[in-house]
There are 2 protein chains.
Amino acid sequence: MSQLLRQHIEKITPLTDSEFTYILSHFTPKKYKKHQFLVQEDAPVPNDFFVTKGLLKASYTNLNDGKEHILQFAWEDWWITDYQAYFNETASSLTIDCIEDVEVLCLSLHNREKICAELHKIEHFFRRKSNAGYVALQRRILSLLNSSAEERYHQLLVTYPQLFQRVPKTLIAAYLGVSRETLSRFSK
Amino acid sequence: MSQLLRQHIEKITPLTDSEFTYILSHFTPKKYKKHQFLVQEDAPVPNDFFVTKGLLKASYTNLNDGKEHILQFAWEDWWITDYQAYFNETASSLTIDCIEDVEVLCLSLHNREKICAELHKIEHFFRRKSNAGYVALQRRILSLLNSSAEERYHQLLVTYPQLFQRVPKTLIAAYLGVSRETLSRFSK
């Protein structure tokens with residue numbers, strides 16, 4: 001599973017074997033079962049998670065109506081956490097739990113800052129990842145402002161066809177911000 | 001106006017005089033009049049802009065109904081560009097124009113990558129800025145999914161009261177994704 005992390009970093013910057021061994025020593029591998037929580041609401045968020053196996057979601061539950069809004073899915077080769085809580089060392093406003101059995105490599109904020117300070121190329125890697133994440137979120141905001149739910153459904157289907165194989169329709173509806181019934185109409 | 005940039009960077013990392021002089025030499029100052037465009041749709045986006053004076057907006061116009069959706073406002077001490085087009089060197093899907101007379105410091109992608117590669121502390125600065133931007137966009141997505149337009153109006157009023165002094169109500173409506181008439185009801 002560590003090879004996936006190495007390939008992931010090397011898409012942006014090459015590493016020597018000893019550099020990668022050193023970087024990897026700052027991650028902790030963990031396994032979770034389907035339905036288990038990695039992050040619970042109101043709890044501290046010490047780790048960012050690089051997914052090496054399985055599928056997770058980050059969601060927010062509205063306290064007034066109990067409705068779940070999904071902010072993000074993540075699977076192999078993706079990162080997920082409550083970044084607001086992680087970077088600012090505050091309590092989580094999100095819940096992160098497993099849609100499938102999951103294996104992750106955990107990176108604490110302390111270790112992230114440590115390897116970024118020690119290895120310029122790792123600081124470069126995380127800057128490039130963060131820039132790409134920022135662009136993806138800007139696109140999602142534009143799509144929320146500018147596209148209908150049905151258009152967003154079709155964009156999602158074209159961009160991430162595998163999501164539709166792996167994620168229950170109820171959760172895709174919660175990601176798009178529509179009811180399960182509305183979603184059924186789109187997929188006809 | 002360059003002092004604003006120095007203070008802005010030094011909130012994250014201290015600089016020597018010679019470091020700052022070197023960094024600043026990679027920026028080009030420009031002035032624009034109210035209503036002038038910094039970025040036009042379908043054009044290349046060679047620069048990111050650090051605002052030293054004035055107020056701008058980044059927006060997307062729906063080709064079908066001609067409706068303008070505002071993605072971002074920016075004023076003194078903020079950055080603005082079409083980041084998707086800038087980082088990927090593609091044509092802009094956004095328009096960026098001036099709501100007031102504006103002064104900016106322009107940073108080309110080439111120069112950004114150059115000073116990041118040459119100065120580890122600048123790579124650190126931009127990583128930290130990008131992380132903060134990512135968190136802000138996640139919050140905006142959650143608020144679009146989870147809050148009513150009226151709740152978003154009040155969040156905006158509390159977070160950026162000065163915006164309501166400087167920006168016409170029509171543009172605030174375009175940012176919130178509501179009509180001018182709906183906005184008037186919120187502000188009663």
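User: Where does UniProt place the cyclic nucleotide-binding domain in chain A?

Analyst: The unreviewed UniProt entry puts the feature "domain: Cyclic nucleotide-binding" at residues 30–117 of chain A. Keep in mind that this is a predicted model.

User: What is the helix and strand content over residues 30–117 of chain A?

Analyst: That stretch is 17% helix and 44% strand. Its end C-alpha atoms lie 25 Å apart.

User: How do I read the strand order of the open sheet in chain A?

Analyst: Start with the general idea. In a regular strand, side chains alternate between the two faces of the sheet. Now the case here. Chain A has an open sheet of 4 strands in the order 1-8-3-6, and the pairing is antiparallel. Strand 1 (27–32) and strand 6 (79–80) of chain A are the edge strands, each pairing on one side only.

User: How many bridges join strand 1 of chain A to strand 8?

Analyst: There are 6 bridges between strand 1 and strand 8 (residues 102–108) of chain A, and the two strands run antiparallel.

User: What is the strand order of the open sheet in chain B?

Analyst: Chain B has an open sheet of 4 strands in the order 1-8-3-6, with antiparallel pairing. The edges are strand 1 (27–32) and strand 6 (79–80) of chain B, and each pairs on one side only. Strand 1 and strand 8 (residues 102–108) of chain B are antiparallel over 6 bridges.

User: Which strands does strand 4 of chain B pair with?

Analyst: Strand 4 (residues 56–61) of chain B pairs with strand 5 (residues 68–74) in the antiparallel sense, over 6 bridges. Here B:Y60 has B:H69 as its bridge partner in strand 5. These two strands form a hairpin with 6 residues between them. In the turn, B:G66 has a positive phi of about 70°. Strand 4 of chain B is also joined to strand 7 (residues 95–98) by 4 bridges, again antiparallel. In strand 7, B:D97 is the bridge partner of B:K57.

User: Now the interface. How much area do chain A and chain B bury between them?

Analyst: The general idea: the size of an interface is often given as the accessible area lost when the parts come together. In this model, chain A and chain B bury about 3,900 Å² between them, with 63% of it on carbon and sulfur atoms. A:R127, A:Y134 and A:L145 supply 19% of the area that chain A buries against chain B, more than any other three residues. The contact draws 35 residues from chain A and 35 residues from chain B.

User: How many salt bridges cross that interface?

Analyst: Side chains of opposite charge can pair when their charged atoms come close. The rule finds 4 salt bridges across the interface of chain A and chain B. One of them links A:R127 to B:E113, with the closest N and O atoms 2.8 Å apart. Polar contacts between the two chains number 19 residue pairs.

User: Which elements of chain A touch chain B?

Analyst: Strand 5 (68–74), helix 3 (83–88), helix 4 (109–118) and helix 5 (120–146) of chain A each give two or more residues to that side. Helix 5 of chain A provides the largest share, 19 residues. By class, this side of chain A has 18 nonpolar, 11 polar and 6 charged residues.

User: How many salt bridges are there over all chains?

Analyst: The whole structure has 28. Among them is the pair B:E10 and B:R6, at 3.6 Å from N to O.

User: Why are B:E10 and B:R6 about one helical turn apart?

Analyst: Because they sit 4 residues apart in helix 1 (residues 2–10) of chain B.

Methods:
Residues are numbered from 1 along each chain as its sequence is written. Chains are lettered from A and ligands numbered from 1 in the order in which they are written. This is a predicted model: local features need pLDDT of at least 70, side-chain atom pairs count only at pLDDT 80 or more; totals for chains, interfaces and linings use all residues. Side-chain values use heavy atoms; hydrogens and water are left out. UniProt positions are given in the numbering used here, feature names are shortened, and annotations may be inferred rather than shown by experiment. Contact means heavy atoms within 4.5 Å. Buried area is the accessible area (1.4 Å probe) that two parts lose on being put together, summed over both. A salt bridge is a side-chain nitrogen of Lys or Arg within 4 Å of a carboxyl oxygen of Asp or Glu. A polar contact is a pair of N or O atoms within 3.5 Å; within protein, one must be able to donate a hydrogen and the other to accept it, and residues adjacent in sequence count only if both atoms are side-chain atoms. Ala, Val, Leu, Ile, Met, Phe, Trp, Tyr, Cys and Pro count as nonpolar, Asp, Glu, Lys and Arg as charged, and the others, Gly among them, as polar. Two strands pair if DSSP finds at least two bridges between them.
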